[in-house]
Amino acid sequence: MREFAVIGRPRPRPDAAARVTGRTRYAGDLTLPGQLWCRLVRSPLPHARLTRVDTASARALPGVAAILTGRDLPTRYGILPVSQDEEVLCSEKVRYVGDPVAAVAAVDEETAARAVALIQVEYVPLPAVFSIEDALRPGAEPIHPSGNLQRAVALEFGDVAAGFQAAAFVREDLFFYDGSTHLPLEEHAVLASYAPEGTLTVWSSTQTPHYLHRILSRVLQMPADRIRVIAAPAGGGFGGKSDILNHELAAAALSRVTGRPVKCVLSREEVFYAHRGRHPTVLWVRSGWTADGLITALHLRTWLDGGAYGSYGVATTYYSGALTPLTYRIPHYRFEGMRVFTNKPACGPKRGHGTPQPRFALECHMDKVAEELGLDPVDLRRRNLVAPFSTTVNWLRVTSCGLDRCVDEVVSASSFLQKHRRLPRGRGVGLALSGYLSGAGLPVYWNDLPHSQVRLAADRSGRVVLFSGAADIGQGSDAVLVSTAAEVLGLQPEEIHLVAGDTALTPVDLGSYSSRVTFMAGNATLQAAQRLRALVARGAATRLEAAAEDLVFAGGRVFVRGSPDRGLSWPEACAAAEAACGPLSASGAYTPPRLAGPYRGSGVGPSPAYSFSACVAQVAVDEATGEVRVEKVWLAHDIGRALNPLLVRGQVEGSVYMAVGEALLERQDYRGGAHCGPSMLDYKSPTVYEMPEVETLLVESVDPEGPFGAKECGQGPLLPVVPAIANAIYDAVGVRVDEVPVTPDMLLRALDRQRRGLDARVGPTVAPPASFGPLTRVPRPEGWA
Amino acid sequence: MVEAPALRDVQPLTLRVNGATFRVVAPASRTLLEVLREDLGLTGTKHGCELGECGACTVLIDGEPALACLVLPVQVQEREITTVEGLAGAALHPLQQAFVDHGALQCGYCTPGMLLAAKALLDRRPRPTREEIAEALSGNLCRCTGYLRIIQAVAAAAEGGHA
């Protein structure tokens, strides 16, 4: 194997020193001369018709520069072309508590807040719905003109009926996975500055500067070339800053009206209303098995509570079924899913985007099957593992796959088989597996352009600048890109200067979502660096009187292979190349292969590569209080290749952390449409005390298409942790809470049922209506028939 | 032309921050966090909730950790305030270096508060146990790292004899 100088070595991220000294400038830290502050007026009602928005007394308040209402910005928008259902400011009705109806710009934040209080809004309340069942009830008040069933999908791959007929054993289960929110430490912030020559610059805490750029252009009806979007380093994203939010557009519009810079920083309460978090999801799973534990068929139904707007929700709906066949060989698969509008803040993509819920359901369901078949959970899963370089029944192309090694590693490191069903009552272990995308195969709007593009420039000083549209949201994408370029050019990552996430300076990158940056922007960087190296090699070869292909780039030098003394320093080599070729620049691009299957909806699920994970969780349950303590988590992750193991391990630990929150604590709770506690005290997230010990086991399957063989690690490791914890709770006390978060009250109820000799299960008992519409039958890929 | 808002309860303040003295006039309702960020331009101290719940705005007041979003500057006029900008000299503070080396930060937004909470601990307890580190950081939320590397970094800085 080739030895790498930079790749594969644990090293601090190049931007770490700026972050520990407080020098990193997040969007909320930016200030411009003459800047105004924006605050939004938000609806106190979950569903109402707007009859009057009276801004007169607010306008009269000294210090108020401008006020906008819905009529000022009539263009509807939405992140997906299929759901253009949002307004910057509501013009006719409000759809959730927190829906913005007016925006104020004033000389300071205090005055803006006073103006907000002076705006009088008249509402005519409408009946509101807060559950899937109520939203679907005949006669329910429609939240959008098309009704409350936003999207239903019904797909069958193969012949599920035949698969169940061939089964020796069939089981079905019902689950519920509650909604949770991203809760980034940084509240969303934006600074917009419009100049009279007709240009607009927007700094935002966004994961998707390119999509924000497009929607600004559309909503403000300004040519895109007049708009510059700069993604400030985000103080945490997790998907919550990947949608385009009202305040970003309102601040830009206010800047255009006033001709002054306008800043808007959401309060923590408003961040809960911006949301776009995990969809509360009801799931029904039915599976058929042979007597020796092979899956014959799987039928999955999902009902997603979408909140008031579309957001990425149509994609989420498809994702709730698309990756289910990724880990196990399922010969016949039916997926039915729907997303329903309710009068709550909109759900959207949160770490794992639509796949943690079905993963939870499937992995808990499989443990129940294993028990009934008399197999251990490891054995049952091993018999059904997906094979590397195969195609799933729903047309996903699987390439590198180290899932079997992940299972081996995690089972052995945790001594799972020695512990499972053998620990004293109150303690238990649980296992779960999963897989995830290394980037979505398709962009959110149709185009055939590259998904990631990178430019590299170098000059006679040896200075190398990498221009990338990707946004670092804390995951370390900046570090990945400079390390990739450094490896190719024989430099250190700190020697590569980076300009990132600036639509005026950097070529387009679709953004930091769907775990796509390492794979896609990494590949684009690799190509650009190889091209720059070829340019420099040409100049250096002339100077060294050697053949370009005999040159080695290493240790900040360019030299002839086998004669390290016959060489040039990197700056000398750049100067030689500049003399020979003029200004040195090279570009690279990455477009994923076309992988969509032959059916509508097949755009969701395909990815150029999938990561795989296996997890064992060990828990202690306090039967007196119902509290669960996660003692330790072992997480094996097939990363392809760890470009920087320090950062990869950090992503795994962060994923485990977030999963512990979803498994035991975090829930978006509403009463009458009002958020029960839009604060960080009331919304329970894990503190240092709830965090378990984590043992990360990296499996390197070296993906043939990933940069240096790398795949994703930012989202996949979250997925198996939630069901592993649920399975561990069952192992500890023999009760099933088929619902997350597993709160003490639910667990106590289940334990009480167990004591009284009832079915020791707590969870949903009735599925919502199964109105998924006409079934589309999709032929199975070659090799399955 | 935007009319100036009415002057509301502004007051002169003398604040000692990171060893320097600042004189500012600010509305009396402004918290120490807002005055540090808006009036003194010290944006290293972060706001995450404005309600004393997340710890992102932790600063030291006479060496003790305090939540700047819950402190009125008039309360701390004669006191020594330390923010993240006051930690490093020409070189990083050993805690900062340990955070860098151990990968104890991702987005970095909670980091200033974490660093100051940790500094207060190490000043008081140069060789803390893991439990003491956890307790000292238990009021600071982090959504990225899962805390483990932060604890390791604090322990390593203590091990190295933090200056």
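The model is predicted, with local features requiring pLDDT of at least 70 and side-chain atom pairs pLDDT 80 or more, while totals for chains, interfaces and linings use all residues. Residues are numbered from 1 along each chain as its sequence is written, and chains are lettered from A in the order in which they are written.

Chain A contains 19 helices and 34 strands (DSSP runs of H or I, at least four residues, and of E, at least two, numbered from the N terminus). The C-alpha atoms fill a box of roughly 85 × 75 × 50 Å along the principal axes. Of the 785 residues, 63% are buried (20 or more other C-beta atoms within 10 Å of the residue's own, with C-beta atoms placed from the backbone).

The contact between the chains takes 47 residues from chain A and 45 residues from chain B (C-beta atoms, placed from the backbone, within 7 Å). On the chain A side, helices H1 (16-20), H3 (109-118) and H17 (645-664) each give two or more residues. H17(A) gives the most, with seven residues.

In chain B, strands S3 (58-61) and S4 (64-67) pair in the antiparallel sense over four bridges (pairing needs at least two DSSP bridges). Ile61(B) stands opposite Glu64(B).

How values were computed:
A residue is buried if 20 or more other C-beta atoms lie within 10 Å of its own, exposed if 12 or fewer, and partly exposed in between; C-beta atoms are placed from the backbone. Two residues are in contact if their C-beta atoms, placed from the backbone, lie within 7 Å.
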